[in-house]
Amino acid sequence: MIVRGIRHLMRAWRGGELGLLGFSLALAVAIVTGIAGFSDRLSRNMEQQSHHFLAADRVLKTARTVPDEWIAEAKKRDLRTAVVASFRSMVYAGDAMQLASIKAVTDGYPLIGELGVSDVLFGMPQARTTGPQPGEMWLDSRLYALLNLQIGDTAAVGDKEFTAGRALISEPDQGGMNDMLAPRGMINYADLAATDVVQPGSLVTYRYLFAGTEQQLESYEVWLRPRLEDGQRWQGVRDGQPAMATTIKRAEGYLLLAASLGVALAGAAIALAARRYGERNTDNVAIMKALGASRKQVLIHYGTQLGLLCIGAIVVGGMGGQGLQWALFTSLKELLTVDVPGASWRPFMVGAVTAFGCTAVFAMPPVFRLSKVSPMRVLRRAGDDESAGLLVSALTGIGGIGLLMWWYSEDLLLSSAVLAAALVIGVLASVLVLYLISFARRVLINRSGSALRLALAAMYRRRFGNAFQVASFALSLMALTCLGLLRTSLLEDWQLQLPTDAPNHFLINIQPSEITPLSSFFDEHKLKDAGLFPMVRGRLTHIDQQKVSEIKDVDAESGSINRELNLSWAKDLPDDNQLLSGLWWSEIESENTDKIPVSIESELAEKLHIKLGTELEFNIGGQLLSAKVTSIRSLDWASMRPNFYFIFPPSTLDNYAGSYITSFYLPADQKALLGELLRQFPTFTLIEIDAVIQQMTLVVGQVSSAIGLVLILVVFCALLVGIANVQASLDSRLQENAILRTLGASKKLMISGLMIEFAAVGLLAGLLAAAGSNVALLGLQYWVLDMDVVFHGMVFIIAPLIGVVTMCLLAWISCRKLVNKPPLVVLRQTL
Amino acid sequence: MIRVNNLCKTVVTGGQQLDILKGISFEIKAGESVAIVGASGAGKSTLLGLLAGLDNASSGEIYLHDENISLMNEDERASLRARHVGFVFQSFQLLPGLTALENVMLPLELAGHRSPAAAAQVFLDKVGLKDRGAHYPRVLSGGEQQRVALARAFAVEPDILFADEPTGNLDEHTGQRIVDLLFELNSQSKTTLVLVTHEAGLAHRCERILVMHDGQLSEEPVSASTTL
Ligand SMILES: Nc1ncnc2c1ncn2[C@@H]1O[C@H](COP(=O)(O)OP(=O)(O)O)[C@@H](O)[C@H]1O
Ligand SMILES: [Mg+2]
């Protein structure tokens with residue numbers, strides 16, 4: 001049975017109809033196993049990586065030390081533990097002193113991840129898996145500069161003296177911008193008591209770190225939960241995902257979307273190829289039936305063929321998918337600091353299910369139709385009902401594609417949005433094309449050259465086929481343009497397009513008297529700053545008379561709101577800000593001045609549910625300030641210039657102690673200047689974000705190359721659809737052209753006729769795709785990706801261009817076959 | 001072997017009703033060779049198709065091998081064909097994707113023959129195409145293609161052979177040789193032969209001639225000289 005099936009498969013393969021079908025199937029499998037495997041491994045990798053950002057698997061955050069019993073309980077469960085105490089304290093070195101944020105860490109720290117230290121200030125980090133030894137203190141380069149300290153010198157915290165052993169460059173659990181504000185130092189936990197700085201009532205945060213297996217952690221959590229008091233927080237990995245994780249998560253979602261579109265396209269190609277396979281086998285089935293084959297035998301015959309083809313496609317496609325995974329990981333290799341987990345079997349299962357699903361949904365319907373072919377065909381070629389089963393196969397096809405997309409994206413909204421757009425486009429395209437063809441025929445038939453007339457006649461004869469051709473090609477193009485556009489808007493959203501000289505350092509705490517010396521320092525070293533902005537540190541305490549800390553919706557992630565914020569004042573709207581609603585100071589009527597007006601940044605406003613007219617209360621260094629929101633602005637964070645959540649009118653903040661902030665660009669080879677700068681202006685706070693920017697650029701660059709790879713695959717799928725489409729009409733074209741040539745049409749005439757026909761299809765498909773992708777993107781950006789809605793005009797030129805070029809290319813390739821075949825050969829075959 | 005009772009076939013095309021067969025009755029005994037003649041469009045192919053169970057009659061009964069095929073479903077008729085019926089067509093109807101040998105093997109495989117390749121080769125030899133087994137139909141001449149079709153028809157050793165204008169697509173000389181081959185194989189295997197043709201010469205090589213005219217069938221008396 002199997003042997004015979006294989007023999008039949010070989011025979012059918014020789015016939016050539018199965019090639020395209022098998023190829024499309026294998027491609028679908030390759031895309032799915034490749035991308036499913038990739039994202040599967042990537043997300044496991046991300047999970048591991050995010051443990052690094054905690055320096056542990058779980059963290060207990062508390063303001064007081066916990067009972068020893070709690071730690072003993074964790075040890076009993078074989079959990080590894082470490083403690084980090086963070087506090088602010090003065091660091092003394094000789095005559096100099098500086099407020100710094102100090103971390104005292106036990107020997108186990110960090111449980112996961114590495115510290116980066118260097119023997120040179122502002123040097124390249126070397127990896128360390130433990131913190132400083134007792135008696136040793138690591139300071140960040142900035143603190144060395146501020147204290148005028150050299151590596152190896154002595155520095156003191158409280159009552160305890162330390163050797164300043166190394167420069168601390170990076171910590172796995174580095175906090176956000178706010179933690180980076182103060183210069184940092186790190187000491188051993190064993191020295192904490194000796195410093196005597198931690199006393200009852202002093203502001204210390206303890207972080208108890210735990211690492212172990214999920215089971216151990218969960219059992220410990222069950223034990224611990226009931227014992228937790230107010231203000232003690234148990235944190236997992238998901239509670240503190242850094243920005244990069246979000247970026248990669250997004251890229252993963254994008255890849256899945258691309259994959260499901262790729263599979264949808266491959267599915268369409270499979271459907272077309274299978275339909276042709278069915279058509280080409282109709283006569284064969286009639287003969288087989290006349291010779292006595294039953295319906296069941298026909299079904300088994302073709303079913304085995306498809307089944308074997310399917311298995312072949314799984315094997316070949318699975319290997320291709322493995323290659324694709326490898327290529328994707330290679331393009332991302334610098335991003336993934338942790339070893340990539342090994343491949344699992346799941347992607348292969350997904351690939352196999354895809355192959356069988358595609359076969360069942362797309363290839364089986366034509367075979368079912370085949371089994372119903374009347375054997376009477378052998379005596380009289382019955383008028384083939386071209387539209388027979390078209391609706392059913394179209395519906396199963398669309399349903400199948402929808403299911404596949406849902407399965408891959410695991411997002412019902414997304415897949416139904418894409419599918420609905422596709423359906424609307426498909427129907428619109430078909431109707432439009434049918435109308436256009438009849439219209440063009442009526443208007444042009446009598447006054448056009450013979451090539452055009454030939455093309456028009458051919459298009460009219462094949463108008464239903466052409467409508468389908470345009471619709472499906474428009475859909476492939478649409479998928480392509482959508483992905484292409486999404487890619488650019490995602491990248492823009494990721495703020496990739498940073499100019500190379502975007503500011504990469506911030507200076508805070510600049511006193512008015514220091515402005516002139518600072519600008520001469522900048523001039524002297526030919527540095528460019530982004531301008532000086534006034535800044536007052538303050539805390540938002542009330543929104544509409546309600547305490548911020550009591551508002552439920554303001555969850556942990558917008559926790560920054562509970563810390564100090566940078567407030568500013570300005571006469572004019574900053575250059576790169578945009579007023580979204582409300583009025584700027586100059587337009588506000590003067591009698592409306594019972595409250596101080598304030599302008600708020602739009603994202604924060606949305607998060608805190610602040611609208612125009614909302615009353616806010618700030619605490620600035622102990623003094624209270626009431627204000628009323630009069631405008632909402634959007635910012636360009638990517639500008640790397642100082643930006644502010646809240647801006648007040650000039651002179652309203654005069655009573656509060658303020659300073660200035662600026663940002664500037666410092667090339668990597670001039671990092672040593674920072675030491676000089678801080679020596680000259682010891683009170684400045686320096687924030688280095690060059691490493692962050694570099695990291696971001698790397699992330700976006702690599703993610704975009706991974707996406708590029710997938711895009712190429714999707715282009716390939718779209719091309720398959722085109723080929724399958726042309727193949728579908730090849731037989732009738734062959735015969736038609738043979739007859740035309742017998743009747744005396746020249747080769748040239750026929751080629752131009754063919755070209756016109758194909759170009760028209762490409763042009764129409766391109767235009768429809770441009771319109772469709774704009775509509776689809778609108779929905780995607782608005783509802784799914786949460787990005788700003790942008791209209792893309794360029795695609796109206798690009799998509800039709802791609803359409804015409806590909807279709808003409810396809811026409812040219814098939815042309816040779818069509819036109820060069822001697823008409824006699826063709827006619828002899830079809831008689 | 002074949003018994004037909006008041007057979008009618010009506011088709012509706014473009015809203016118009018067309019009566020192709022208007023109540024036909026006749027009987028053919030086992031081993032007989034019968035020619036059905038008539039003008040083009042008279043309904044000969046339609047009748048042959050119905051006899052072979054390729055299509056459903058509008059009314060009337062057809063008994064093949066004493067089984068009423070009008071009561072059978074398509075698959076039962078197919079199975080009957082696989083066991084008892086061979087076919088030769090005007091347009092040869094070879095599968096273009098299969099070689100000559102594979103084409104002959106096809107009905108043997110369908111009938112579940114144990115060694116289809118060997119059996120097929122025997123019949124290819126019989127029709128004089130010993131060395132053409134690996135060739136595809138498109139490289140064979142019309143006469144050679146029809147020989148392959150004959151080999152395919154006789155390979156399953158059918159009880160009944162239907163032939164629909166087997167020489168219609170061939171020149172006179174080639175046609176003559178095909179007919180010779182057909183009758184030779186037929187006499188070897190004692191098959192019941194039903195042959196549709198519009199050539200009087202071919203018709204007269206059969207034992208009986210049925211004339212199709214305006215949807216009706218009448219028996220033409222065969223002259224004594226030919227039977228003697
Ligand atoms: N399914 C059908 N639809 C329409 N007309 C048909 C159909 N089948 C047969 N006919 C018509 O019936 C007539 C007889 O056909 P056929 O049996 O092929 O004639 P013959 O084989 O004697 O030349 C022809 O005029 C043909 O056009
Ligand atoms: Mg006929």
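This is a predicted model: local features need pLDDT of at least 70, side-chain atom pairs count only at pLDDT 80 or more; totals for chains, interfaces and linings use all residues.
## Salt bridges in chain A

Over all chains, the count of salt bridges comes to 15. One of them joins the side chains of A:Glu221 and A:Arg225, with an N to O distance of 3.0 Å, and A:Arg225 is partly exposed at a relative accessible area of 43%. Elsewhere in the chain, A:Lys103, A:Asp140, A:Glu171 and A:Arg184 are linked in a network of salt bridges.

## Salt bridges in chain B

In chain B, the closest N and O atoms of the salt bridge between B:Asp180 and B:Arg205 are 2.8 Å apart. B:Asp180 lies in helix H6 (residues 172–189) and B:Arg205 in the loop between helix H7 (200–203) and strand E9 (208–213), so the pair ties together parts that are 25 residues apart in sequence. B:Asp180 is partly exposed at 33% relative accessible area, and B:Arg205 is partly exposed at 37%.

A further salt bridge, 2.8 Å from N to O, is formed by the side chains of B:Glu219 and B:Arg208. Since B:Glu219 sits in strand E10 (residues 216–220) and B:Arg208 in strand E9, this pair ties together parts that are eleven residues apart in sequence. B:Glu219 counts as partly exposed at 43% relative accessibility, whereas B:Arg208, at 15%, counts as buried.

Notes: Residues are numbered from 1 along each chain as its sequence is written. Chains are lettered from A and ligands numbered from 1 in the order in which they are written. Side-chain values use heavy atoms; hydrogens and water are left out. A salt bridge is a side-chain nitrogen of Lys or Arg within 4 Å of a carboxyl oxygen of Asp or Glu. Buried means under 20% relative accessible area, exposed over 50%, partly exposed in between (1.4 Å probe, protein chains only). Helices (H or I, at least four residues) and strands (E, at least two) are DSSP runs, numbered from the N terminus.
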